[in-house]
Amino acid sequence: MTTRRTTPPTAVPPARFGDLVAAEWIKIRSLRSTPWTLALVALVVIGSSVAAAVADYQRFPHYSPEARREHAFSLHDAFPAEGYMCLMLAAGCIGAITVTSEYGTGLIRTTTVAVPARGAMLAAKAVVTAALWSVVGAVVATGSFVVSQAILDGRDAAITLDHSGAVRALVASALLAPVCALLGLGLGALIRHSATTMVTTTFTLLMLPLFFSTEKQWSAAIRNGMVDSSWRRLTMDWVPSQADSLVPLHTATISGSWTVYALWPLIAVALALIVVRRRDV
Amino acid sequence: MIEVNELTKRYGAKTAVDRLSFTVRPGRVTGFLGPNGAGKTSTLRVLLGLDAPTSGTATVGGVRFRDHPRGLHHAGALLDAGHVHGGRTARAHLAALARSNGIAARRVAEVLEEVGLADAARRRVGGFSLGMRQRLGIATALLGDPPVLIFDEPVNGMDPEGVLWVRRLFRRLAAEGRTVFLSSHLMSEMEQTADDLVVIGQGRLITAESVRDFAARGTRLSVTVVTPRPTELTAVLTTAGATVEPGDGPGDGPEAASGAAATLTVTGLPADRIAALAFEHRVLLHELTTRAATLEEAFMELTADSVEYLAGETR
């Protein structure tokens with residue numbers, strides 16, 4: 001005990017949440033796959049809008065005068081389901097990977113020794129994921145809208161953001177990315193295993209809604225509670241009328257759909273925050 | 001300072017750590033020894049706040065590690081060199097960890113320089129050899145300039161030059177007044193580096209003492225005797241109260257069978273008494289050597305009862 005340390009340990013800097021966010025951003029940014037994946041996702045989604053707009057451009061001469069006048073297809077071309085399902089898949093899985101890759105490599109142990117406050121660390125990951133995918137979503141949704149309407153403009157069939165429901169559809173499509181990414185992140189922290197998380201995230205986002213219909217009230221209630229259904233409702237510029245339908249319709253409300261958008265990521269991340277504090281790493 | 005008090009950790013039905021207590025002092029290198037599966041890594045995981053203890057406490061600098069919002073200034077650790085993401089460069093890996101703890105970015109270059117990875121800073125960790133990953137892990141532990149350093153099997157995969165470097169580093173860190181705690185399943189490694197030892201087996205404490213005391217306690221003397229008449233000598237020595245075992249050495253095997261010299265290991269009698277008895281009974285001796293047990297042997301003997309996985313038949 002004669003050689004006890006003579007100098008006091010270096011002053012410990014305060015624990016700032018902002019530092020954790022910056023650290024998570026360094027982690028995302030330093031992976032070579034990040035920019036490539038995001039560029040590919042943007043290309044696929046905007047490409048699907050191009051394809052949908054081109055198809056309507058070519059069919060345009062055959063449309064009824066009524067359909068031409070009401071621009072019944074223009075908003076749908078901006079946000080086609082096939083493209084945005086790809087966005088859901090990519091955002092959900094990449095959001096999950098930000099957590100599961102740490103568990104898979106064991107990096108989570110290095111990280112947890114550096115930051116024993118596990119909840120704060122996961123919250124920082126959620127902040128970075130939400131911010132990154134909000135930007136990606138905004139770029140993709142704006143790109144989809146602008147490019148598709150530029151093509152339809154050739155038929156004088158383009159709409160602007162003044163069109164009823166256009167802003168709502170744009171915002172809902174942009175937010176679809178962070179909603180799915182946060183759901184994936186939450187599931188990733190709960191499940192920890194990459195492959196299992198991928199399957200669960202994909203099933204929850206894309207397959208589960210198919211099991212429920214809008215005909216029966218209970219079934220419609222579940223279906224309307226899905227992210228996919230909510231996005232579809234928020235990007236519709238018309239509402240199916242019960243008068244035209246042979247079966248009862250239980251269409252979701254707009255406010256209900258926004259609530260669904262908020263609840264899925266909130267619940268997933270909240271559960272994850274509770275569980276990471278309790279479990280061994 | 002590391003204090004472990006009545007620590008128990010169970011994973012399901014398996015008790016990995018069983019009412020373990022010990023203290024690791026600053027300014028010294030302390031070896032944490034035990035056979036594979038003795039509970040070393042489990043103890044370190046609880047100590048570093050990764051696992052919650054079933055009962056008991058483990059503190060670093062008097063505080064439960066989990067209660068620190070940020071860890072790198074309180075303890076640096078290398079648990080497994082593989083605990084990195086292969087897609088990141090060494091610099092990015094350290095930069096993220098440094099930033100999370102509010103450590104200046106220039107510290108990253110300093111520790112990379114210190115562990116000899118400055119030239120590999122921009123290379124992806126996936127392409128690193130095990131020895132390089134160990135160095136990166138040590139760099140991670142040094143980032144926050146912590147008073148406590150914990151390393152789990154740090155020399156695995158290192159070349160001889162790396163092993164020498166790491167020993168000197170540990171000695172220097174201890175000389176600076178830090179607490180240095182190293183786990184290993186090899187006594188020979190500790191013999192070269194450690195001041196103190198904590199030896200465990202099957203999750204329980206076997207001994208905690210200085211290397212010097214451990215060595216003194218472990219030196220059980222034995223005498224190796226080579227004789228062409230082993231049966232006769234064995235009878236004489238056994239009558240005199242010694243324990244005689246056929247030893248392995250020159251003269252064993254075919255030669256011994258044909259009546260040539262055989263080797264015996266004798267305990268319980270000093271060499272001069274053995275020589276006198278042999279002279280009295282006119283038994284020729286070819287060789288008479290006193291051997292002190294090595295630290296490694298003392299360790300093996302101490303942990304023999306607690307070795308979990310034995311090759312071949314059970315004892």
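**View 1. A salt bridge between Lys9(B) and Asp280(A) in the predicted model.** The closest N and O atoms of Lys9(B) and Asp280(A) are 2.8 Å apart. A salt bridge here is a side-chain nitrogen of Lys or Arg within 4 Å of a carboxyl oxygen of Asp or Glu. By this rule, two salt bridges are found across the interface of chain A and chain B. In this predicted model, local features need pLDDT of at least 70 and side-chain atom pairs count only at pLDDT 80 or more, while totals for chains, interfaces and linings use all residues. Residues are numbered from 1 along each chain as its sequence is written, chains are lettered from A in the order in which they are written, and side-chain values use heavy atoms, without hydrogens and water.

**View 2. The side of chain A that touches chain B.** Helices H1 (17–29), H5 (81–105) and H6 (107–114) of chain A are the elements that each give two or more residues to this side; helices are DSSP runs (H or I, at least four residues), numbered from the N terminus. H1(A) gives the most, with eight residues.

**View 3. The interface of chain A and chain B as a whole.** Contact (heavy atoms within 4.5 Å) joins 38 residues of chain A to 45 residues of chain B. The buried area is about 3600 Å², and carbon and sulfur atoms give 57% of this area; buried area is the accessible area (1.4 Å probe) that two parts lose on being put together, summed over both.

**View 4. Two domains of chain B.** Domain 1 covers 2–209 and domain 2 covers 222–292, with bounds from an automatic or database domain assignment. Their C-alpha centres lie 47 Å apart.
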